[in-house]
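Welcome, and thanks for taking a look at this one. Below is a short briefing to read alongside the structure.

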Amino acid sequence: MLDCRHTHESLSDALDGALPWWRRALIRVHLRMCPGCARTERSLRDSRDALRGLRDLPPRFDDEAGE
Amino acid sequence: MRNTAALSFPVTAPAPAGAVIDDAAIRQIEPVLMGFAYRAVRREDVARDLVQETYIAALEAKASFAGRSTLRTWMVGILSRKIIDFYRRTRREVLTDLPPEPDPLGAFTPTPARAPDARLDPALAMQVVERTLGKLTELERMAVLLVDVEQLDRDAAGQAMGVQPTHLRVLLHRGRHKLREALEDAGLQAHA
């Protein structure tokens with residue numbers, strides 16, 4: 001069984017389907033049992049969905065000062 | 001402005017069968033390229049210059065555009081190399097710099113308990129991630145733009161950036177979690 005640290009380290013890879021099946025299964029088990037990591041995983045997906053939404057959206061030109 | 005360095009980019013990525021690669025087709029992609037470039041460099045004048053250089057490079061190299069990817073993907077690849085060159089010129093970040101082992105993914109802190117309904121509506125979430133992209137390091141931002149916004153696979157993104165897969169993995173991990181944390185914070189504030 002994966003702990004929180006190892007789950008956390010794998011979530012980004014999981015988003016890209018870059019993990020073997022057995023690792024994905026271990027993560028799924030952990031996420032069912034750990035509300036904190038499940039929230040992290042959901043937020044990561046929300047963030048990825050928001051990024052995908054930018055794909056065809058014109059940028060907001062606000063040249064950030066002090067960049 | 002003519003940029004001969006463009007020819008050193010391995011423009012082997014292919015075009016869709018039957019695609020017509022001419023000035024008009026390339027210019028149709030301008031909004032896409034401007035969006036990508038501006039989000040990467042955060043300066044409109046620089047973004048316009050980089051897109052212009054990308055047009056020139058694409059027109060020079062169009063004969064090698066061969067048919068296995070879209071024109072958009074091909075041109076985003078060219079633009080990515082231009083952006084990486086810009087980062088190098090301005091020396092904002094040591095491009096090969098990786099955090100020391102053994103913890104390249106960064107410290108792990110347990111996710112704090114958060115309100116279960118502290119999620120933002122999608123439009124607001126897009127504003128938050130777009131703003132937060134500016135707080136990522138340049139390479140983290142490029143990795144996220146290529147993989148999550150442009151939806152390139154990791155191999156193609158790593159090639160476009162000229163980084164190894166292990167490096168790209170770390171950049172994605174760090175960039176995504178910074179964005180995720182910003183989204184969570186904004187969600188909590190919105191529901192406070």
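Where in chain B is the place of Gln151(B)? Gln151(B) sits in the loop that runs between helix H6 (138–149) and helix H7 (154–161) of chain B. Please keep in mind that this is a predicted model, with an ipTM of 0.91 and a pTM of 0.83.

- As background, residues other than glycine mostly have a negative phi.
- Gln151(B) is not a glycine, yet its phi is positive, at about 60°.
- Gln151(B) counts as partly exposed because it has 14 C-beta neighbours inside 10 Å.
- Arg42(B), also not a glycine, has a positive phi of about 65°.
- You will find Arg42(B) in the loop between helix H2 (30–41) and helix H3 (44–61) of chain B.
- Arg42(B) has 20 C-beta neighbours inside 10 Å, so it counts as buried; the cut-off for buried is 20 or more.

**Helix H2 of chain B**

- H2(B) is made of 12 residues, and from its first C-alpha to its last it reaches 16 Å, close to the 16 Å expected at 1.5 Å a residue.
- Its buried residues are Leu33(B), Gly35(B), Phe36(B), Ala37(B), Tyr38(B), Arg39(B), Ala40(B) and Val41(B).
- The partners against which the buried residues of H2(B) pack are H3, helix H4 (71–90), helix H5 (122–133) and H6 of chain B.
- Arg42(B), with its positive phi of about 65°, comes just after H2(B).

**Chain B as a whole**

- Chain B contains 8 helices and 0 strands, and its pattern along the sequence reads α-α-α-α-α-α-α-α.
- Of the 192 residues in chain B, 43% are buried.
- Among contacts in chain B with a separation of 6 or more, 77% join residues 24 or more positions apart.

**Chain A as a whole**

- Chain A has 3 helices and 0 strands, giving the pattern α-α-α along the sequence.
- Chain A is more spread out than a compact globule, because its radius of gyration is 16 Å, well over the 11 Å that the globule rule gives for 67 residues.
- Taken along the principal axes, the C-alpha atoms of chain A fill a box of roughly 45 × 25 × 20 Å.
- Buried residues account for 30% of the 67 residues of chain A.

**Where the chains meet**

- Contacts between the chains involve 32 residues of chain A and 36 residues of chain B.
- On the side of chain A that touches chain B, helix H1 (4–15) and helix H3 (35–53) of chain A each supply at least two residues.
- H3(A) gives the largest share of that side, with 14 residues.
- By type, the residues on that side of chain A are 11 nonpolar, 7 polar and 14 charged.

**Confidence in chain B**

- Chain B has a mean pLDDT of 80, and 72% of its residues reach 70 or more.
- Among the elements of chain B, H6(B) has the highest mean pLDDT (96), while helix H1 (residues 23–28) of chain B has the lowest (76).
- Residues 1–13 of chain B have a pLDDT below 50, and in the model this stretch has 26 contacts beyond near neighbours in sequence.

How values were computed. Residues are numbered from 1 along each chain as its sequence is written. Chains are lettered from A and ligands numbered from 1 in the order in which they are written. This is a predicted model: local features need pLDDT of at least 70, side-chain atom pairs count only at pLDDT 80 or more; totals for chains, interfaces and linings use all residues. Helices (H or I, at least four residues) and strands (E, at least two) are DSSP runs, numbered from the N terminus. A residue is buried if 20 or more other C-beta atoms lie within 10 Å of its own, exposed if 12 or fewer, and partly exposed in between; C-beta atoms are placed from the backbone. Two residues are in contact if their C-beta atoms, placed from the backbone, lie within 7 Å. Ala, Val, Leu, Ile, Met, Phe, Trp, Tyr, Cys and Pro count as nonpolar, Asp, Glu, Lys and Arg as charged, and the others, Gly among them, as polar. The radius of gyration is taken over C-alpha atoms; the globule rule is 2.2 Å times the number of residues to the power 0.38. pLDDT is the predictor's confidence in each residue, from 0 to 100. The expected span of a helix is 1.5 Å times one less than its number of residues.
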